[in-house]
Amino acid sequence: MLLGCLLIRRGIGCRVLEQRAAVGDHSRSIGIHPVALEIFSRLGIVREFIAEGCRIEFGRAFVNRECVGSLPFAQCPPPFCFILSLPQSRTEALLERHLRSLDASVLVRDAEVTAVESANGDVAVTYCHAGEQAASTANYVIGCDGMHSIVRRAAGIVFDGGTYADAYVMGDFEDRDGNTDACVYLHQDGLVESFPLPGYRRRWVVKTDTLLPECRREDIVGRVWDRLGIDLEGGECFMPSAFGVQHYLAETFVKGRTLLAGDAAHVISPIGGQGMNLGWLDAWRLAEALAKRRESASDAALIDYGRTRRTMAEKARRRAEFNMRLGCRFARPRLRKALVKTMLAQPLAGHMARMFTMRGL
């Protein structure tokens, strides 16, 4: 939907086919980084997001239960010296509202793509809409359709990667303290992360030894109590889930009339909250490239998009892996503690703040 907004703003006609019939109600990805807020600002919609979200201005690091340092995001370039926390359901609803304000007909919900084929130099997309078969023909098809992208598979683009051994449980809990700091606990028994949400809620993410078949409230409450001595027992838990972690990267983001962005192009670990924002950065650069393609009638801008964004996705993957490794058991815990303290002290603190807010991607 963001890509649709960006294309329309540039005078490029498009149609957005969305398989889901309505906005989901799950909080899912919550972190909106400054680089994404800058895009929203250029679209004139950033105030709506900030009004609904929760500003995270400090990150605090713990080794076991001891606070070893903090990372103030005020060290980041203005004007967005914070990470905005907002449930993905609200993010999606705000983007949909803006997209429909630009063109009420561009978004087609309940549209499941079934085939993508070449058609006389263009591309034809067949889809099932509300039980009826429909089709569209366009100059390009852009796969923003996730890890199992039918667009990518139709183009025969290889998607290399695999599954990490890491597994987690996650849930949103009532939190009446109103603390807006992000907290990362590097505990000897496994990583615990805690992030504020609007409406006096807090997201808890807890590393587990194995992937649980399902997540129950007590799977989170018990581990947080055992590791941190923090009691979540009295608060309601919203949408508990268990998840594994994967990494995949498309062989190319550009093949003929097929273009890829977001999770259709790259899947990285969610630890660090880069994935959703990385897709938005793809959308921004792809809209730029398509505008240049229209002006120059040359594929050079699209080729450059594919090359540079693939490089950035690989860079983001390495950052996410670094975040995960910090949360694993260390053979020498004192060394990890010293490393984290060094990372959060000057002169490295400013660099770490920019890295954790996705500068350079």
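Guide: In this predicted model, the lining of the second largest pocket takes at least two residues from each of β12 (159-174), β13 (182-186) and β15 (201-208). That pocket has a volume of about 280 Å³, and of the 17 residues that line it, Asp175, Asp177, Arg202, Trp204 and Ile230 are the closest to its centre.

Visitor: What makes Ser105 count as exposed?

Guide: Exposed means over 50% relative accessible area, and Ser105, at 53% relative accessibility, therefore counts as exposed. Ser105 sits in the loop between α4 (88-102) and β7 (107-109).

Visitor: Why is the pairing of the side chains of Ser105 and Asp103 called a polar contact?

Guide: The two side chains are placed 2.8 Å apart, and because a polar contact requires a pair of N or O atoms within 3.5 Å, the distance meets that cut-off.

Visitor: How do you know which residues line the largest cavity?

Guide: A lining residue has an atom within 4 Å of a cavity point, and Gly272, Gln274, Arg319, Asn323, Met355 and Phe356 line the largest cavity, whose volume is about 40 Å³. Both α8 (300-326) and α10 (348-356) supply at least two residues of that lining.

Visitor: What is the make-up of the lining of the second largest cavity, by class?

Guide: The lining of the second largest cavity divides into 4 nonpolar, 1 polar and 2 charged residues, and α8 gives the most to it, with 3 residues.

Note on methods: Residues are numbered from 1 along each chain as its sequence is written. This is a predicted model: local features need pLDDT of at least 70, side-chain atom pairs count only at pLDDT 80 or more; totals for chains, interfaces and linings use all residues. Side-chain values use heavy atoms; hydrogens and water are left out. Helices (H or I, at least four residues) and strands (E, at least two) are DSSP runs, numbered from the N terminus. Buried means under 20% relative accessible area, exposed over 50%, partly exposed in between (1.4 Å probe, protein chains only). A polar contact is a pair of N or O atoms within 3.5 Å; within protein, one must be able to donate a hydrogen and the other to accept it, and residues adjacent in sequence count only if both atoms are side-chain atoms. On a 1 Å grid over the protein atoms alone, a cavity is a set of points where a 1.4 Å probe fits but cannot get out, and a pocket is an open set with protein on both sides within 12 Å along at least five of seven lines; lining residues have an atom within 4 Å of a point. Grid points are joined across faces, edges and corners, and a volume is the space filled by probe spheres set on the points. Ala, Val, Leu, Ile, Met, Phe, Trp, Tyr, Cys and Pro count as nonpolar, Asp, Glu, Lys and Arg as charged, and the others, Gly among them, as polar.
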